[in-house]
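This briefing goes through one structure topic by topic, for a reader who has the sequence and the coordinates at hand. Please look over the model first, and then take the points below in turn.

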Amino acid sequence: MAKHCHWRDCLAWKDEGLEFSTTSNEACKLYDAALTQIVGWYHDKSLGGWDKTFTRLREADPDFVMGHVLTNGLTLCSTSVNIQTDEHLKKRIDDMVSLKANSALTNREEKHVEALQVYADGSMSKAIDIWEDILVDHPTDLLALKFCQLNYYNLGQSIPMRDSVARVFPHWKSSTPLYGYLYGMHAFGLEESGMYVEGEKAAAKGLAINPNDCWSTHANAHCLEMTGRHDQGIKFMTTTENDWKICDILADHIYWHFGLYYIEIGEYSKALDIYDSEILPRCVASNYTIHAASFLYRLEFEGVKVGKERWQVLYETGEPAHFNHLLVYKDLHYVMASLRADHKDTAKTQIESIRQFIRERCGDQRDVMKEVGLPVCEALVAYENGDYAEAVDLLNPVRYKFVNMGGSNAQRDEFQQLLIHAAINSPKKHHKRLARSLLSERKALRENSPLTDRLQKQLLAMHIDE
Ligand SMILES: [Fe+2]
């Protein structure tokens, strides 16, 4: 982890071309401390973690607009709180906007405020445009770069995510603080764009600079997953576990990747052990149930009986966010947990609420929900009711739009699996043939996938051409 004595003061930031309007060296240093934890995706306990650092940052200079931008931006990008329903967040945004009256604000700071204003109004893509605009003039503005990356991910835009980092790389010196984190960010974009060899190389460079760079670890885990090197993935996760698990904000997701390798090779008890000992406790502690729900759903595709009790925990933990509709990918997992925990009435209410969200709101997530999120939600219900043909008819027309729901290729794969399972189980022969086609496609994309082999074997035993 970074050494605290090196936090940058006002002059140091100015020398890097990132001048701030504050004259408080303490505020500038705390901004650096906060940014360091954000790009490293960990809580520095010696600083009291994110919350304490953010509080100290705002206290050091309450009028330092970038202190507000950093904390509000993270809250908004986490897609866990809604400005329409959360008065506290609304006030925080209003307070930040009021600081625009300060004539000392730099043009870059003004743009940061503007980006969060449009984000709060529902437009992730317009906010990204503003952050990218900042990066044209200030390519070392790591907060703008990180916000871009988080939201390209939320929108499933892998190529812009890759290119965003590539554009700024030449403007950074290797001596600039936090430089090494660019590799992990770039590696993820490369991997999500299908450039696995390049992604792996970039991740290796990031880890050579800082073995605790969990985004490099994460990108490497994706490369190993997508290229079918599951045993190598398990070895990588095992041998580096102490390096990445201290990054407590991403650790639950990296354990999700760890467990995924075991699901692929059919070692379900090991996968479930990782779930119970690592994924679930972290999910409950953070109130973030998405990875956990996704993991249980995949295990159940494999025929593993995970039990309603496990789903009930996820249902209860995720309950406060059931009707937020801030990210389509999240909503799908809330509906999933309601269905599997046998709260079908809640699932019905969630889908009614989603319909209302589509009717009454605007913004990126509303559009994605209408285009693809709602049919997928309805397919989850149809699948649960055993109406597999209906699930196929809902999913198949939108499967090339799954990408718009955000998340990574590996994450969205569960919806491809859902379509394949629905097609296999559908009573229609045409659907079973569709399953065969989809499995051929899957086999071509992932050469070594025992999971695909198992599904092909299952379908072969059905003698669908007879
Ligand atoms: Fe991932």
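The model is a predicted one. Its domain assignment gives domain 1 (1-172) and domain 2 (332-466), and an iron ion is coordinated by four histidine side chains, those of His218, His222, His253 and His257.

**Helix H18**

- Because 13 of the 13 residues of H18 are buried, this helix is largely enclosed by the rest of the structure.
- H18 covers residues 328-340, and at 1.5 Å a residue its 13 residues should span 18 Å, which agrees with the 19 Å that separate its end C-alpha atoms.
- After H18 comes Asp342, which has a positive phi, near 70 degrees.

**The iron site**

- The NE2 atoms of His218, His222, His253 and His257 coordinate the iron ion, at 2.0 to 2.2 Å, and along the chain the donors follow the spacing H-x3-H-x30-H-x3-H.
- The angles subtended by the four donor atoms around the iron ion run from 89 to 179 degrees, and the arrangement is therefore irregular; a tetrahedral assignment would need all angles to lie between 85 and 135 degrees.
- An α-helix has 3.6 residues a turn, so residues three or four places apart point the same way.

**The largest nonpolar core**

- The largest nonpolar core holds 158 residues, of which Tyr31, Trp131, Trp311 and Leu314 touch the most other members.
- Helix H20 (residues 364-384) gives the most to this core, contributing ten residues.
- Since domain 1 (1-172) and domain 2 (332-466) both give residues to this core, it lies between them.
- Leu314, when neighbours within four places in sequence are left aside, is in contact with Tyr275, Leu280, Cys283, Thr289, Ala292, Ala293, Leu296 and Ala337.

**The two domains**

- The centres of domain 1 and domain 2, taken over C-alpha atoms, are separated by 36 Å.
- Ten residues from domain 1 and twelve residues from domain 2 take part in the contact between them.

**Buried loop positions**

- Asp44 is found in the loop between helix H2 (25-40) and helix H3 (49-60), and it counts as buried because its relative accessibility is 9%.
- Although Asp44 and Ile246 are 202 residues apart along the chain, their C-alpha atoms are separated by 9.5 Å.
- Gly156 occupies the loop between helix H8 (142-154) and helix H9 (158-168), and with a relative accessible area of 14% Gly156 is buried.
- Not counting residues up to four places away in sequence, Gly156 touches Val403, Gly406, Gly407 and Arg412, while the C-alpha atoms of Gly156 and Leu145, eleven residues apart along the chain, are separated by 16 Å.
- Ser408 is placed in the loop between helix H21 (388-395) and helix H22 (409-425), where it counts as buried at 0% relative accessibility.
- The contacts of Ser408, leaving aside neighbours within four places in sequence, are with Tyr153, Phe188, Glu192 and His222, and His222 is one of the residues that coordinate the iron ion.

Technical notes. Residues numbered from 1 in each chain as written. Predicted model: local features only at pLDDT ≥ 70, side-chain atom pairs only at ≥ 80, totals over all residues. Heavy atoms only, no water. Helix = DSSP H or I, 4+ residues; strand = E, 2+ residues; numbered from the N terminus. Expected span 1.5 Å × (residues − 1). Buried < 20%, exposed > 50% of the residue type's maximum accessible area, 1.4 Å probe, protein only. Donors = N, O, S within 2.8 Å, 3.2 Å for Na, K, Ca; no water. Tetrahedral: all angles 85-135°; square planar, octahedral: opposite > 155°, others 65-115°. Core = buried A, V, L, I, M, F, W, Y, C linked by side-chain atoms within 4.5 Å. Domains from an automatic or database assignment. Contact = heavy atoms within 4.5 Å.
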